[in-house]
Number of protein chains: 2
Amino acid sequence: MTEIKLADYLFTRLRQLGVDSMFGVPGDYNLRLLDFVTPAGLHWVGNCNELNAAYAADGYGRIKGLAALITTYGVGELSALNGIAGAYAENTPVVHIVGTPPRPLQANRTFMHHTFSDGDYRRFANMSIHITAAQTRLTDAATAPERIDYILQQTLIHSRPVYLELPDDMPDVKVSAANLETRIRIPEPPSSTQEPQVLAQILERIYSAQRPFIFVDGESTALGIVEQLDALIKATGWPTWTTVYGKGLVNEQLPNAHGLYAGAFGDKPTQTYFEEADLVLTFGPHNSDTNSYFYTTIAKPSVAITFSGTTVKINNDTFYDMSARNLLSNLLQSLDSTRLVKASAPPKTELSVANIQDDDPIAQANFYPLVNPLFRDGDIILTETGTAAHGGRNFKLPTGSRLFGAVTWLSIGFMLPATLGTALAQREVNNDTSKSQTILFIGDGSLQMTAQEISVMIREKLNIVIFIINNDGYTIERVIHGRKEKYNDVPFWRHAQALSYFGADEEHVAKNTFTARTCGELKEVLGHENITNGSGVRLVEVFMGREDVQGALLYLLNKQLAQEAEQK
Amino acid sequence: MTEIKLADYLFTRLRQLGVDSMFGVPGDYNLRLLDFVTPAGLHWVGNCNELNAAYAADGYGRIKGLAALITTYGVGELSALNGIAGAYAENTPVVHIVGTPPRPLQANRTFMHHTFSDGDYRRFANMSIHITAAQTRLTDAATAPERIDYILQQTLIHSRPVYLELPDDMPDVKVSAANLETRIRIPEPPSSTQEPQVLAQILERIYSAQRPFIFVDGESTALGIVEQLDALIKATGWPTWTTVYGKGLVNEQLPNAHGLYAGAFGDKPTQTYFEEADLVLTFGPHNSDTNSYFYTTIAKPSVAITFSGTTVKINNDTFYDMSARNLLSNLLQSLDSTRLVKASAPPKTELSVANIQDDDPIAQANFYPLVNPLFRDGDIILTETGTAAHGGRNFKLPTGSRLFGAVTWLSIGFMLPATLGTALAQREVNNDTSKSQTILFIGDGSLQMTAQEISVMIREKLNIVIFIINNDGYTIERVIHGRKEKYNDVPFWRHAQALSYFGADEEHVAKNTFTARTCGELKEVLGHENITNGSGVRLVEVFMGREDVQGALLYLLNKQLAQEAEQK
């Protein structure tokens, strides 16, 4: 039997699945495991804290399809939980590897630090059960390879995080290497006997449709159908929209790509087209209040065909154990384009820079249109929960670029470490530093949650532009409730000093820190060579009004203003 | 029936119990609750993130006996869990109030943001069960007051955190105010029938002791016996030591207070005295590996009398349902001082500044002795896990001052927000800004975890001196394992820019930022008026060697060096 050390087995498996970087923080119970990271050919990204590491792993996983982070028992893993839960909520496969106390200490119920000194070693693992798709605990050399393979397969199948306990005395235990010759794959679902019937029904509905609406949501990634959707959108030429979560899964440069559908909060002609549609093909729906504009983007059953998880729903009939991928493949093969209606779609709404004057103060309404031309093919754009996520919804994305916005978990602070993760993943995918650019839009309140991770971006020499929207506090909370309340304020920071404090070269700092208050100033920054064609971390602080919001947020603000007027 | 709004009921209860400040972060599901904070006379401390808020609450609770923090459902509460677990591990009563979605949304299993969009609203509450002493959920006006009273009583009885769910539609629901007339108290235990017998046994052992050893550990706070211990130490005149956890519970200015007992890692004469003791009176033991120096401070049963929780242990006999407080009261009343041996204690070991030259580089060995004279009566000193916590163990504390060091949870990053919490509590207790001084010792690795909270210290205008021990990474991890490994490095930061970045007045920054590399430079800083008699947040960066450690850490380093030599 060929043998291999346990840690090498685990890391070989991760590398086979495309993981090239590992996030985390060293701690007493994971140091021996960390010894194996670099020798395995993995890049170790030491984060400033574990929550940031989990957020970064989530970002990395969204680009590369799998991510891993290492924390230490108790103090480390618990700090990461919010990030793991976010990956669960928004379908990122992340392997949370926890270095636990050596087996003898656990067996003897020894009162160790990082525990409650009561001999109970199961508490924290029990907590993670609620926020991971599967859990396992390596306890002996004989079963470890199977347990590792199981947990990795689960994270891929469910596209959700998993939890793996690895005791500190086990990294160099020898295990069988036999399994390594077979790759871990998502099992192909058996073809359902109902499939021909379902396919026929779908085709019939497609051929008879007069007002078709293609709607791509974010769980399409987990369904593995993004490439097939591209083919479908091209083959039909039918008008196509996305949710925020689905944005970036559709090539917005296609003539029939209409960008975001905002339901009751969007433009009237599109809403009318949606309501009068006789066929809404929805892929990978994720119907949280936020992602579905309070459920107003959900089509009525009579016109809907919905591909979700392992089910397909047509009218009120749900068909189980269906593979969306198989079904779409067969559909694309069978599709006769000549039988499709040429849909008369509503006009596109696009961001416009007309009517913006140089001396206008920067505002939500002019900022996003001005910034949009900065984006290049393949860029990654991240818009943090808050005004940025709302403003970034109508960006028109270049080919091959991705956008990550506020979907459902909406944990403020997430996007900054996630930017670190996506930028690193992008560099690995492109295998070329110069091509990569990642652009983050984040408010001053969110920034304060996780700001220290800027220092890791700097150390990793990543090409990132950070736009800090300084609107003096939690504007998104102000519009929900407590417009003038002090609890929605945040401490004053000098954001322009961030690159220096967080360790960038003095020369880099001076050339790559920008501030803008007017549209003229912003245009100048956006035209600066270090922004359009620079490298490393660049920082642009832009100032906006405390209550300057648009879209659905404006609706909330007006509701509150009306309540205030009533109370007077 | 007198009625009161639910939030007012809760906050009135908290104020009755001495809570004057509230920590937390606003979020969608707690904003309506936050409306009641300031009107209730509570000071709202908006933290930069929820983990920092939980850490700050823990610090506050250690001084004031109770603390509270408010987070929002899911994203907020999960970020706080590590801090709540730490409060559990180290016995701080903290009320974790979570603003949850309104009752109708929960009842309808609505797919809201900050959930997993699956209608399950119990996951996160179930996670907190593992790390809190009690949990409750406010669901209706009729039962809410009792549930609040119950949860508050539990946090006091167990001296551990509790979890309280408050739906967003309930803060202004009317409830009965009747209970408010009766204060919440820890119930007095019924006097045990065994008490006279136990007391007699203890007195007999005290009178016959020839080599007595009083040992005060940190759970004495939760037992409510700190004042009685002071009386006992004075009445007996017997040599008294503490653990790290117990440090600051004994007045170290008393002639018979010997400071810390470090077991096998301490000085030989004390160790011999301990081993040959015929009576070790131990109060509030907390026997984690770290707090007990790998269990070497635990007395052998034949000489031990141990007061722990609701039990007293004499030799191998455990007596249940005993009140340490009652027992000590009776003991103090009965005690005949003339019958006590005058113990011949080993010599005290004290920090010395002799032999320190001005051009010596700052090192662990000279730093703590030089800093010690800075402390004044009533100061609070916090030493973060790592070299600081080890170095600070031998500080001689002035009367009425407290020290918080690394006990068991050892979550790096904790001490900085905890400093915010203790400083605020200290100001409230003293009711006088000028008297208060809080001094933090923290390494550069730990600092990066939670550094943003410095901005809240600044905003709150707290009198805090922060010593940053810059030793280029996680030195404590280096000595445990991976001495030269890159995973124990941290990103480079310009610490001297912290006060400016985090928003202090330009003038304040210039006068209150210090750096020292030699003992001469350090002495100059320590003599500076702004350090000895200043105000606001002051920052001193001191540089030490990457592998410069002492005491138990030196033992670990030497063990690793020996292993390395062996492998060659």
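**Exercise 1.** In this predicted model, work out which residues of α3(A) and α15(A) meet, and how the two helices cross.

*Solution.* 
Step 1: Start on the α3(A) side, where the residues involved include A:Tyr55, A:Ala56, A:Gly59, A:Tyr60 and A:Ile63.
Step 2: Now hop over to α15(A), whose partners include A:Pro417, A:Leu420, A:Gly421, A:Leu424 and A:Val429. To count as touching, two residues need C-beta atoms, placed from the backbone, within 7 Å.
Step 3: Sort the residues of this contact by type, and you get 11 nonpolar, six polar and three charged.
Step 4: Look at the axes of α3 (residues 50-64) and α15 (residues 415-430) of chain A: they come within 6 Å and cross at roughly 40 degrees. The crossing of α3(A) and α15(A) is right-handed.

**Exercise 2.** Find out how many residues chain A and chain B bring to their contact, and which element of chain A gives the most.

*Solution.* 
Step 1: Count each side: 68 residues come from chain A and 68 residues from chain B.
Step 2: Look for elements of chain A that supply at least two residues each; among them are α2 (31-34), β3 (43-46), α4 (75-89) and α16 (444-450).
Step 3: Pick the top contributor to chain A's side, and that's α4(A), with eight residues.

How values were computed. Residues are numbered from 1 along each chain as its sequence is written. Chains are lettered from A and ligands numbered from 1 in the order in which they are written. This is a predicted model: local features need pLDDT of at least 70, side-chain atom pairs count only at pLDDT 80 or more; totals for chains, interfaces and linings use all residues. Helices (H or I, at least four residues) and strands (E, at least two) are DSSP runs, numbered from the N terminus. Axes are lines fitted to C-alpha atoms, for helices over the stretch in contact, and angles run from 0 to 180 degrees between N-to-C directions. A crossing is left-handed if the near helix is turned anticlockwise from the far one by less than a right angle, and right-handed if clockwise. Ala, Val, Leu, Ile, Met, Phe, Trp, Tyr, Cys and Pro count as nonpolar, Asp, Glu, Lys and Arg as charged, and the others, Gly among them, as polar.
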